[in-house]
Amino acid sequence: MKHLLLTILAIVAIATGASAATKEDNAPARDHGHFAWGAEVGGSIDMSANDMSTIDFTALLGYRRSWIKFLGAGVGMDIMVSNSCRSFPIFANLKTSFSSRPQLLFMDVRAGISINYLPDDLTQTGAYAFAGVGFNLASGKTFASHLTLGYSFVDRRDVNHNEHHLDFSPLHYASVRLGIAF
């Protein structure tokens, strides 16, 4: 987990350093990018028949520049509605429309790990991934709001606990999130 966090921080540091190019006197003004942070709230419907639908909260911290709507790291809390299980995804996130001009749609991709709190006080760590499409909503000089729709994957594995074999299959979600970035 330390290696993943160090990798995410390195990506953010490299992206931030890449924007520090100096401007020539006759060159047109450029967007040198800036620090960005945001939050999202949403829900995910369990498509794997495990009755594990969630309410999701996410915090994001990273960088924004021209065609990169957001590049950074995030942490989330996915609270299962029908039981006391929880998942805490920690991930790298890229949001981009592949255009420096404002666009209605953008791509949202996340990859990382999820710390899963399971029944019987069991904890395990598995892979986490999200891929979706975002829709830009209201925006101003210092903020931008969006709505994302996509697919989420949370890896879980079977566990042997107290001489019993417990089956925990991976989770597949249809996710929707409302977010704001500053």
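Biologist: So how much space lies in the largest pocket?

Modeller: About 660 Å³. Bear in mind that this is a predicted model.

Biologist: Which residues lie nearest the centre of that pocket?

Modeller: Arg64, Ser66, Lys69, Pro102 and Ala144. They belong to a lining of 32 residues.

Biologist: And which elements give two or more residues to the lining?

Modeller: Strand 1 (34-46), strand 2 (54-65), strand 3, strand 6 (122-139), strand 7 (144-154) and strand 10 (171-181). Strand 6 gives the most, with four residues.

Biologist: OK, on to the strands. How do strand 1 and strand 2 pair?

Modeller: They pair in the antiparallel sense, over eleven bridges.

Biologist: Nice link. How many bridges join strand 2 to strand 3?

Modeller: Eleven, and those two strands run antiparallel. There, Asp56 has Asp78 in strand 3 as its bridge partner.

Biologist: Switching to Phe70. Where does it lie?

Modeller: Phe70 is in strand 3, which covers residues 68-80.

Biologist: Is Phe70 buried or exposed?

Modeller: Buried, because its relative accessible area is 5% and the cut-off for buried is under 20%.

Biologist: What does Phe70 touch, leaving out residues up to four places away in sequence?

Modeller: Ala36, Leu60, Leu61, Gly62, Tyr63, Asn93, Leu94 and Lys95. Take Leu94: Phe70 and Leu94 are 24 residues apart along the chain, yet their C-alpha atoms are separated by 5.7 Å.

Biologist: Last thing, confidence. What's the mean pLDDT of the protein chain?

Modeller: The mean is 87, and 83% of the residues reach 70 or more. Over residues 18-25, though, the pLDDT is below 50.

Biologist: How many contacts does that stretch have in the model, beyond near neighbours in sequence?

Modeller: Eight. Where pLDDT is low, the predicted coordinates should not be read in detail.

Terms used:
Residues are numbered from 1 along each chain as its sequence is written. This is a predicted model: local features need pLDDT of at least 70, side-chain atom pairs count only at pLDDT 80 or more; totals for chains, interfaces and linings use all residues. Side-chain values use heavy atoms; hydrogens and water are left out. pLDDT is the predictor's confidence in each residue, from 0 to 100. Contact means heavy atoms within 4.5 Å. Buried means under 20% relative accessible area, exposed over 50%, partly exposed in between (1.4 Å probe, protein chains only). On a 1 Å grid over the protein atoms alone, a cavity is a set of points where a 1.4 Å probe fits but cannot get out, and a pocket is an open set with protein on both sides within 12 Å along at least five of seven lines; lining residues have an atom within 4 Å of a point. Grid points are joined across faces, edges and corners, and a volume is the space filled by probe spheres set on the points. Two strands pair if DSSP finds at least two bridges between them.
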